[in-house]
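Q: I am new to this structure and would like to learn how to read its packing. Please take me through it one feature at a time.

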Amino acid sequence: IRDDTDRGVPQIIADMKTVCRDLDRAGTRQRTIWAIVQYFQGWGWPRFPTREELWAMSYLSIIHGANGITWYTYGGSGQNHGVTDNPEVWGNICALAGELSKLHDVLAAPPCAQPPAPEVTDGPAQDALGYPSISILLKQHQGKWYLLAANSSKAAVTARFSCAAGKQVSLPQESRRITADDRGFTDSFAPYGVHVYTWE
């Protein structure tokens with residue numbers, strides 16, 4: 001995040017695609033990919049990512065191929081600020097790490113067939129770099145399905161997902177449910193919003 005434009009968050013998609021393409025060319029795609037996501041201010045970066053940007057960049061890195069994740073931060077001195085800079089910054093990183101820790105076994109599950117891309121029914125269909133606004137990753141673990149979805153657009157988006165037909169879809173991190181119809185379900189995303197859906 002180098003400025004207040006809407007290009008910083010989708011840049012993580014561009015970076016992940018570059019890494020995966022380079023590994024494919026080298027014939028080493030089986031290597032583990034660790035995404036390194038900015039979480040500091042200074043050293044040429046004018047500000048910390050917002051909470052929403054941090055969540056979106058972290059989930060987008062996983063959705064687009066990261067097998068692991070770390071957040072790059074400095075200790076901080078002068079006008080440079082690291083992860084322990086203030087209680088809000090520290091609280092954000094602890095909350096996100098805790099959230100992903102609860103999903104560890106799901107994220108480590110083997111790849112499975114992916115559903116069609118969601119249909120954007122309201123808001124921009126593409127982000128500032130031309131990627132689809134909503135990125136998804138479907139995982140299966142112990143008889144349950146988990147769908148990670150993240151909005152890389154700096155605008156609200158509504159999308160329709162063609163999976164979980166006829167199921168009760170839970171969003172455990174948000175304490176809400178959606179009843180899917182016979183074609184799937186629809187949900188709304190705040191700018192840079194992230195949702196994790198699950199059903200049996």
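Q: Leaving aside its neighbours within four places in sequence, which residues is Leu54 in contact with?

A: This is a predicted model, in which local features need pLDDT of at least 70, side-chain atom pairs count only at pLDDT 80 or more, and totals for chains, interfaces and linings use all residues. Residues are numbered from 1 along each chain as its sequence is written, and side-chain values use heavy atoms, with hydrogens and water left out. Contact means heavy atoms within 4.5 Å. Beyond four places in sequence, Leu54 is in contact with Val37, Gln38, Tyr39, Pro49, Trp71, Asn92, Ile93 and Leu96.

Q: Is Asn92 buried or exposed?

A: Buried means under 20% relative accessible area, exposed over 50%, and partly exposed in between (1.4 Å probe, protein chains only). Asn92 has a relative accessible area of 10%, so Asn92 is buried. Asn92 is found in helix α3; helices are DSSP runs of H or I with at least four residues, strands are runs of E with at least two, and both are numbered from the N terminus. Not counting residues up to four places away in sequence, Asn92 touches Tyr39, Arg51, Leu54 and Trp55.

Q: At what angle do α2 and α3 pack?

A: Axes are lines fitted to C-alpha atoms, for helices over the stretch in contact, and angles run from 0 to 180 degrees between N-to-C directions. For α2 and α3 the angle is about 30°, with the axes 11 Å apart. Angles under 35 degrees count as roughly parallel, over 145 as roughly antiparallel, 65 to 115 as roughly perpendicular and the rest as oblique. Therefore α2 is roughly parallel to α3. In this contact, Arg51, Leu54, Trp55, Ser58, Tyr59 and Ile62 of α2 meet Asn92, Ile93, Ala95, Leu96, Glu99 and Leu100 of α3.

Q: How do the axes of α1 and α2 cross?

A: Helix α1 (residues 11-26) and helix α2 (residues 51-63) have axes that come within 9 Å and cross at roughly 25°. The two helices are therefore roughly parallel to each other. Ile12, Ile13 and Met16 of α1 make the contact with Met57, Leu60 and Ser61 of α2.

Q: How many residues does the largest nonpolar core have?

A: In soluble globular proteins, nonpolar side chains tend to be buried together. A nonpolar core is a set of buried Ala, Val, Leu, Ile, Met, Phe, Trp, Tyr and Cys residues joined through side-chain atoms within 4.5 Å. The largest one here has 37 residues, and Tyr39, Leu54, Tyr59 and Trp71 have the most contacts inside it. Helix α2 gives the most to this core, with 8 residues.
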